Amino acid sequence: MGQTEKNSVESRRRHSELRFALHLLRQNPIVMAGLVISVATVVLALLSNLLVNGASWHQQALTLRLCWNNPAFSWPVTNLFNCAGQVYPLGTDAYGRSLLQMIILAIPIDLQIALEVVASAVAIGVIFGSLAAYMGGLIDEIILRITDIFLAVPWILLAIVLIVVLGRSLTTLTLAVIITWWPWYVRLMRSQVIGEKEKLYVERLRMMGAGWPRILFRHVIPNSIYPILVQSTLDIGSVILTVSALTFIGLTPNPLLPELGNLSNQGIEYFFTAPWLIVFPGLTILIISLGFNLLGDGIRDIFDPRLRR
Amino acid sequence: MVFVLLALSILIFYLTRGLLPPTTALAPYINPRLTDAGKLSIARAVGVATSTCPSFTDFASLQSGCVTPLWTQYFFWLKNVLVGNWGYTLLPGISGTESTWSVFFGRFPYTAELDIVAAVLTFLIGVPLGIVSATHNNKLPDHLSRIVSLGGYSIPQFWFGAMLLIVFVLYLRIGGLGLLPASGALGTTCALCFGNPGNITAYTGVPLLDALLSLNLPYFWDSVVAIILPALTLAITSLGLLTRIVRSNMMEVLRQDYITMARSKGLKERSIIYSHALRNAILPAITVAGLLVTYLIGGSVIVEIVFSWPGVGSAALVAADVLDINFLELFVLVAGVIIVVTNLVVDILYAVLDPRIRY
Amino acid sequence: MSQPNTQEGGDDVLSIQELKLKFHTYAGEVSALDGIGLSIKKGELFGLVGESGCGKSVTALAIAGLLPPNAEITGGDVILDGKNVLALKPEEMRLARLKDIAMIFQDPMTYLNPVLTIGSQMAEIPRAEPKLFISILVTHRLRQIDKQVNGAKPDPGLLAERKALAHALDSQNLRRKEMDQLTKSYAISLLKSVRLPEPEKVYKMYPFELSGGMRQRVMIAMAMMRRPKLLLADEITTALDVTVQAQILHLLKDLRSEINTSVLLITHDLAIVAEVCDRVAVMYAGNIVEVAEVDELFRNPLHPYTKGLLASVPRADLAKTPDSIEGSVPDLLSPPSGCRFHPRCPKAFEKCPSRKPSMIAAAPNHYVSCFLYGG
C-alpha cells in the first residue's frame with residue numbers, strides 16, 4: 001500500500017472512531033450534562049464584561065453594607081441590614097456590591113487562572129516527564145526523586161509557604177498552584193512515554209539514524225500526549241477548587257478582588273449574619289468544577305479500552 | 001525514605017530562610033526592649049549572624065560578612081532539629097509556653113483525631129459505594145454513587161462545611177439552639193450537647209480517647225457531637241478517589257475467569273463478591289492510603305478554619321500571617337514524615353496480604 | 001429437525017434441541033449457535049469437536065447458565081434430566097450448578113483465585129448449601145470409619161463417632177464445626193482420588209504453587225465433590241503437555257465410571273476424542289454437522305467437513321503431509337446462507353446455499369446434516 005493510501009485508511013479509521021465516541025457521548029446523560037455546564041461556563045466567562053460593568057468591583061463602601069432582600073427566599077439569621085432601594089438577587093457583600101455581579105465577574109478570572117495553571121503544569125510535565133522516560137538512567141532517577149519530594153507534602157502547606165515567602169499577588173497565587181500540580185503531569189507523561197518508546201516505530205526511526213530530539217519531539221510526544229490532554233480538561237475544575245481554597249483562607253492579593261474563593265472569605269467573618277456570602281460563590285465553584293469533572297470523567301470512560309464492552 | 005525527608009527539609013529551609021530576610025527567623029526571640037548588643041548575641045545564638053559581625057544594624061542591613069551563609073545555617077538548624085530543638089514560636093501555646101515543639105504538639109492531637117475519624121468515615125462510606133457501583137454497573141445505583149463520589153471530588157471543602165453548619169446549626173434548631181455545635185472541639189451550646197461535662201485528665205492529649213479513659217461520658221459525647229460535621233466534611237470530599245479505585249478494581253475483578261469459576265460452582269452471588277472479588281479488589285486500593293493521608297492533612301487546614309477547630313491546621317494560617325517560620329517548618333516536616341511512613345506501611349502491608357509476593 | 005433422541009427421554013441426562021444463540025456486540029449481531037441439537041446418555045463420555053470459534057464453549061456456557069450479559073438465546077430447549085434449564089430462575093439455576101452440573105475450564109491458572117488456598121476454594125462448595133451436602137459428607141466419613149473398623153480392635157472413639165454420624169444422617173442435621181471437619185477430610189480424599197501427591201499439603205497451598213497438571217486435577221476434584229449428573233470439560237487438556245494430557249484424560253474416564261457421571265468433553269483435538277470418548281459430535285460455525293459413535297466416525301466419516309478434519313491430522317504412518325481444508329472459518333456476523341460449510345466444501349452443489357440441511361440418520365446411530373445424504 002502506498003503512503004497516501006495508508007494515511008487515508010488511518011484517517012478514516014480515526015474518523016469512524018471519533019464518530020463512535022460521539023455516539024457514546026450522546027448516549028450518556030451525565031457526560032452531556034458536564035459538557036453543557038462546561039460550555040456554559042466558558043460562554044459566561046466570555047460575556048461577563050458585557051453583563052456587568054467590569055470596573056464595579058473596585059468601589060468600596062465606607063460602612064458595612066451587607067444586605068439581603070431577595071423576596072423569594074430568606075435566611076434564618078437576625079439583623080438583616082436594609083438594602084435601601086435596589087433589589088439584589090443574591091444579596092450584597094460587606095463592601096455593598098451585588099454578589100451576583102461579583103460572581104459573574106469572578107468566573108472569567110478564575111477560569112483564566114485555571115487555564116494558565118493547567119497550561120504551565122502540562123508544559124512542565126510534558127517536558128520533564130518525557131525527558132525522564134526517554135533518557136532513563138540518572139536523569140530519570142533525579143526527576144522522579146524530585147517529584148517524590150513534592151508529593152510528600154500536602155499541597156496546601158507548600159502553597160502557603162510559597163505565597164507567604166513570595167508575597168501575595170495573582171502571579172504568586174498562580175505559581176503556588178502550578179508547583180502543586182506539575183509533579184502529577186510529570187509522572188503521567190513519564191508513564192506514557194515509557195510505554196510509547198518501546199513501540200516498533202521508535203526502533204525503526206532510530207535505525208534510520210534519526211536523532212533523539214527529533215524522535216522525541218516529532219513522534220513520541222505527539223503520540224503519547226493524548227491522555228495528558230484529557231486529564232488537563234478534568235483538572236480545570238480541580239484547579240479552580242485549589243485556587244479558591246487558597247484565596248478562601250486569605251492568601252489573596254486584594255480582598256476586593258472578585259474571585260470565587262475570595263468572595264467566600266468574607267463569609268467566615270460574617271457567617272452567622274450573612275451566610276449567603278459563602279453559599280453562592282461556593283455553589284458556583286461546585287457547579288463549574290462538577291461540569292468539568294463530569295465531562296473529563298465521561299471522556300476518560302469512553303476512551304478507556306478496558307471498560308468498553 | 002530518609003533521603004526524601006532530608007531533601008524536603010532542604011527545600012523548605014531554602015524557601016523560607018533563603019527568600020526571607022534573616023531577621024524573620026529572629027522574630028520569636030527578639031524583644032523590642034533589648035539593646036542592639038543583646039539582639040546581636042541572640043542572632044548569633046540562633047545561628048544567623050556571624051561572630052565577626054560588628055553590630056546588629058549591620059546585620060539587619062545585610063552587610064557582607066555579617067550573615068552566615070545559608071549552607072552553614074542549614075547544618076546548624078539540622079543539628080538542632082535532630083535533637084528536638086525547634087526553637088520558639090510566635091503563636092500562643094495552650095499552657096502558656098512558647099516552644100515550637102510544645103505548641104505544635106499541643107495542638108496536633110486535635111488534628112490527628114479529626115483526620116483519623118475522617119479516614120474511618122472515608123472508608124466506611126467510600127468502599128461500599130465503590131462495590132455497589134461495580135456490581136450494579138450502569139444501572140441506577142451506579143449512576144447515583146458516581147455522582148456522589150464525583151460530587152465529593154468537585155465540592156469546595158469550605159463550602160460543604162459551611163453548608164453543613166447552616167443546616168445543622170442555623171436551620172435545625174431545638175429550643176433556640178442549633179442541633180450541633182458551631183465551632184470548637186467540645187460542644188458547649190447546642191441542642192444535643194450536654195453543655196457542662198466537667199474535666200478530664202489528659203492521658204494522650206486526644207480528647208476522644210482521654211474522655212473515654214477518664215470515664216467521662218458526657219465529655220466524650222460532647223466531643224463526638226463536635227467532631228461529626230468537620231470529619232464528615234473531610235470524608236465526603238476525600239472519598240471520590242477511593243470510590244473510583246474500588247469501583248474500577250471491582251469491575252476488573254468481576255470480569256476475571258475465577259469469578260466465572262466461582263459462579264459455575266454454584267456459590268451465592270453475595271459470597272462470590274465478598275470472599276472472592278473483594279479480596280482481590282481491595283488490595284490495590286490500599287495503595288491510595290498515602291494519597292488519602294495527604295488530602296486529609298491538607299484538607300484539615302481548611303476545615304479547621306471553617307469549624308474553628310483547635311488543631312495545627314488553623315494555627316498554620318496564623319503562622320503564615322506572622323511569618324512564623326519555625327512553626328511552618330515543623331508542620332511541613334511532620335506532615336512529610338507521616339506521609340512517607342504511611343507509604344512505607346502500605347508497601348509492607350501489601351506484601352504481607354498478597355500471598356504471591358510473599359513467596 | 002434436530003437429532004432425534006434414540007431412546008425415551010428417560011435415559012438421557014442432557015438433551016439440547018434447536019438451540020439458537022446470538023451475541024450483541026458493538027460490531028453487530030453474531031449468530032453463534034444456529035439451532036444445534038444433541039443428547040447425552042447417562043454415564044456417557046460425549047465428545048464435542050470443532051475448530052476454535054465454532055461455538056463449542058458457548059454451548060457449554062449455555063447449558064450451565066453462565067453466558068455473558070450480551071448473549072441472547074433466541075430459541076430452543078436445554079433439558080437436563082427432565083428439567084428445562086433455560087426456564088429456570090437464577091436461584092434455581094445456581095442450585096443446578098451446585099448439584100447437577102459441574103464445569104471445568106481450560107486454563108486452571110486463571111480460573112482459580114490466586115489469593116485463596118486450594119482448600120478454601122474447595123471447602124466453600126458445601127458451605128454454600130450445607131443441607132445438600134450432609135448425606136455426601138456423612139456417608140463418605142462413615143465409609144472411612146468402616147474401613148478402619150473392619151480389622152483390628154474397634155476404637156471406641158470411632159464407634160461413638162459412627163453412631164453420632166448415623167444419627168446426623170437420619171436427622172439431616174449437622175453442627176457447623178463438624179461440617180467443616182467432614183468437608184476438609186472429604187476434600188483431601190478427593191484430592192487423593194485425583195492422584196495428587198501429598199493431598200494434605202496441597203489442601204493448604206496456593207494455586208501458583210502447583211503445576212498446570214496439578215491445578216487441572218484440583219479442578220476435577222472440585223467438580224467431583226458435587227457428584228454431578230453432567231460434567232462439562234471445556235478444552236481441559238489444551239494448556240497441558242502431552243504426557244500430562246493422557247493422565248488427565250484417563251483420570252476422567254476412571255472417575256466417570258466410579259460416579260457414573262456423564263461427561264461432555266469439548267476439544268479441538270480429534271486424538272483426544274479417539275482416546276476416551278464413546279460418542280462424538282462434530283461442530284462447525286454454530287452448527288452440529290455430524291454425530292456418531294467414535295469408532296464409526298473414524299471408520300466412516302460422512303460429512304465433508306469431518307472428512308477434511310480427519311485428513312488434516314498428521315499421521316506418522318503415512319508418507320504424505322496432511323491436507324488442509326481450503327478457505328477459513330466464516331465470520332459469524334454475516335454467516336453463509338444455507339449450509340454454512342458450502343463455501344469451503346469440495347462437494348458443494350446448487351442446493352447447499354438454499355437452506356440449512358436437516359439432521360438425518362444416514363446409517364444406524366450415525367446422524368449427519370448434509371444434502372449429500374438427503375435432508
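Domain bounds here come from an automatic or database domain assignment. This is a predicted model: local features need pLDDT of at least 70, side-chain atom pairs count only at pLDDT 80 or more, and totals for chains, interfaces and linings use all residues. Residues are numbered from 1 along each chain as its sequence is written, and chains are lettered from A and ligands numbered from 1 in the order in which they are written.

User: How far apart do the C-alpha centres of domain 1 and domain 2 of chain C lie?
Analyst: Domain 1 of chain C covers 5-108 + 227-279, and domain 2 covers 116-205. The separation of their C-alpha centres is 29 Å.

User: Which helix gives the largest share of the side of domain 1 of chain C that touches domain 2 of chain C?
Analyst: Contact means that C-beta atoms, placed from the backbone, lie within 7 Å. Five residues of domain 1 of chain C meet six of domain 2 of chain C. Helices are DSSP runs (H or I, at least four residues), numbered from the N terminus. Three residues, the largest share of the domain 1 side, come from helix α2 (residues 90-99) of chain C.

User: Which element gives the largest share of the side of chain A that touches chain B?
Analyst: The contact takes 38 residues from chain A and 41 from chain B. Elements giving two or more residues to the chain A side include α9 (226-248) and α11 (276-303) of chain A. The largest share, ten residues, belongs to α11(A).

User: What radius of gyration does chain C have?
Analyst: The radius is taken over C-alpha atoms, and the globule rule is 2.2 Å times the number of residues to the power 0.38. For 375 residues, a compact globule would come near 21 Å; chain C agrees with that, at 23 Å.

Note on methods: Two residues are in contact if their C-beta atoms, placed from the backbone, lie within 7 Å.
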